[in-house]
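Keep the 3D view open as you read.

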Amino acid sequence: MANNKVNTIGVLTSGGDAPGMNAAIRAVVRRGLSKGCHMKGILKGYDGLLNEEIIDMEAKDVSDTIERGGTVLYTARCAEMRTEDGQKKAVEICRRHGIDGLVVIGGDGSFAGAQRLANLGVNVVGVPGSIDLDIACTDYTIGFDTAVNTAMEAIDKVRDTSTSHERCSIIEVMGRNAGYIALWCGIANGAEDILLPEKYDYDEEKIINNIIENRKRGKKHHIIINAEGIGHSTSMAKRIEAATGIGTRATILGHMQRGGSPTCKDRVYASIMGAYAVDLLVAGKTKRVVAYKNGEYVDFDINEALAMEKGIPEYQYEVARSLSANYAK
Ligand code: F6P
C-alpha cells in the first residue's frame with residue numbers, strides 16, 4: 001500500500017482527547033475532499049478500527065465542530081494495537097475498506113501504533129494531539145494551549161480563597177511524565193513552588209522552610225503547583241500542615257483540563273496541521289509526523305520523531321524559580 005497514489009484517507013483520534021482535535025479532524029476531512037480524496041472517519045481510535053467502526057465523511061459532517069471540545073470521532077487507549085495480531089488485523093481492515101492513507105491524531109503512544117502500521121505498508125501520517133506538550137519532535141501539541149489556560153484560570157480561583165484564609169494550596173495539574181502544564185502555570189500563576197517530574201528532588205523540608213519563611217515575611221498564601229507525575233498532593237498537604245501549622249489544602253484539577261472549547265491558537269494550529277497531514281499523503285509521503293518547530297510547520301520521519309527526547313528547558317525553569325517569592329527576596 002505504501003507510496004501509491006492515495007484515494008481514500010481515514011482519520012482517527014487516539015489516546016487522551018485534547019481540545020482542538022475537532023479542528024484537526026475538520027481540516028483533514030475538508031482538505032482531503034478538496035484534493036479529490038474519499039474521506040472516512042474511524043470512531044474510537046484504534047479500538048474502532050479493529051471493530052470496523054468506520055464511517056464516510058463529507059464536508060457537512062464536520063460543520064459546527066471547530067469550536068467544540070473533545071473529539072467527535074471519540075477516542076480510546078487500545079491495548080490490542082500493541083500486539084502483532086492487532087496490527088495485522090488493522091492493516092487488513094484498512095485494505096478491506098479501501099483506506100490507503102491514514103491520519104492519526106494523538107500522542108507518542110498513538111504514533112507507536114501508526115509506526116507499526118506504516119511498517120506493514122499503510123501510508124500513515126501522525127498529527128500531534130496532547131494537552132501535555134510532551135511530544136519531542138514538536139514545539140506545539142494540539143490542546144496544550146486550551147488546557148494550560150483552563151488550569152491557569154482554575155488556579156487563580158484557588159488562589160483567591162487561599163489568600164482569604166491565609167492558607168497554603170497545593171494544586172495538582174495534569175502531566176503524567178511531563179511537567180509543561182505545571183511549568184507554564186507556575187509562571188502564569190506566580191506560584192511559590194513548582195514541582196515537575198523532570199526536576200523535583202523530593203526535598204519536602206525545603207518546601208516547608210520556604211512556606212515558614214514566606215509567612216514570616218507577610219505572604220498571605222503559598223501556591224504550590226504539583227504535576228500529576230509526582231502526585232500525592234493530598235498526603236503532601238497533610239504533612240505540610242502538620243509541619244508548618246498553616247492550613248493546607250490540595251486541589252486536583254484532573255480531567256477538567258482536557259475539556260472545553262479550544263482557544264484560537266489550538267484551532268488554528270490544529271487546522272494547519274490537519275491540512276498538512278493530508279498534503280503529505282497526497283504527495284505520496286508516508287511514515288511522517290507533522291510538527292511545529294522553530295516557527296514553522298515541518299514533518300519528521302516517524303521513527304526519528306519517536307526516538308527524540310524532550311526535557312524541560314533549563315532557562316524557563318530557572319526564570320520561573322527566580323520569580324517566585326522564595327528566591328526573589
Ligand atoms: O495524555 C494526556 C493526559 O491527560 C495526561 O496528562 C494524563 O496523565 C492522562 O492523559 C490521563 O489519562 P486517562 O484519561 O486515560 O486517565
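## Around helix 6

Helices here are DSSP runs of H or I with at least four residues, strands are runs of E with at least two, and both are numbered from the N terminus. A quick note on the source: this is a predicted model, where local features need pLDDT of at least 70, side-chain atom pairs count only at pLDDT 80 or more, and totals for chains, interfaces and linings use all residues. Residues are numbered from 1 along each chain as its sequence is written, and side-chain values use heavy atoms, leaving out hydrogens and water.

Helix 6 covers residues 180-188, and its buried residues (under 20% relative accessible area, with a 1.4 Å probe and protein chains only) are Tyr180, Ile181, Ala182, Leu183, Cys185 and Gly186. Who do they pack against? Their partners are helix 5, strand 6, strand 7, strand 8 and helix 11.

Now look for the open sheet of seven strands, in the order 3-2-1-4-5-10-11, with mixed pairing. Two strands pair if DSSP finds at least two bridges between them. Strand 3 (54-56) and strand 11 (296-301) sit at the edges with a single partner strand each, so one side of each has no neighbour in the sheet.

Strand 5 (residues 124-128) and strand 10 (residues 288-293) run parallel and are joined by two bridges. Val125 stands opposite Arg288 in strand 10.

## Pockets and a cavity

Rolling a probe the size of a water molecule over the atoms shows where empty space is left. On a 1 Å grid over the protein atoms alone, a pocket is an open set of points with protein on both sides within 12 Å along at least five of seven lines, a cavity is a set where a 1.4 Å probe fits but cannot get out, and lining residues have an atom within 4 Å of a point. Volume is the space filled by probe spheres set on the points, which are joined across faces, edges and corners.

The largest pocket holds about 890 Å³. Of its 37 lining residues, Arg77, Asp108, Gly109, Asp134 and Arg176 lie nearest the centre. Helix 4 (residues 108-119) gives the largest share of that lining, six residues.

How many cavities of 30 Å³ or more turn up in the whole structure? The search finds one, and helix 7 (residues 204-216) gives the largest share of its lining, three residues.

How values were computed: Buried < 20%, exposed > 50% of the residue type's maximum accessible area, 1.4 Å probe, protein only. Contact = heavy atoms within 4.5 Å.
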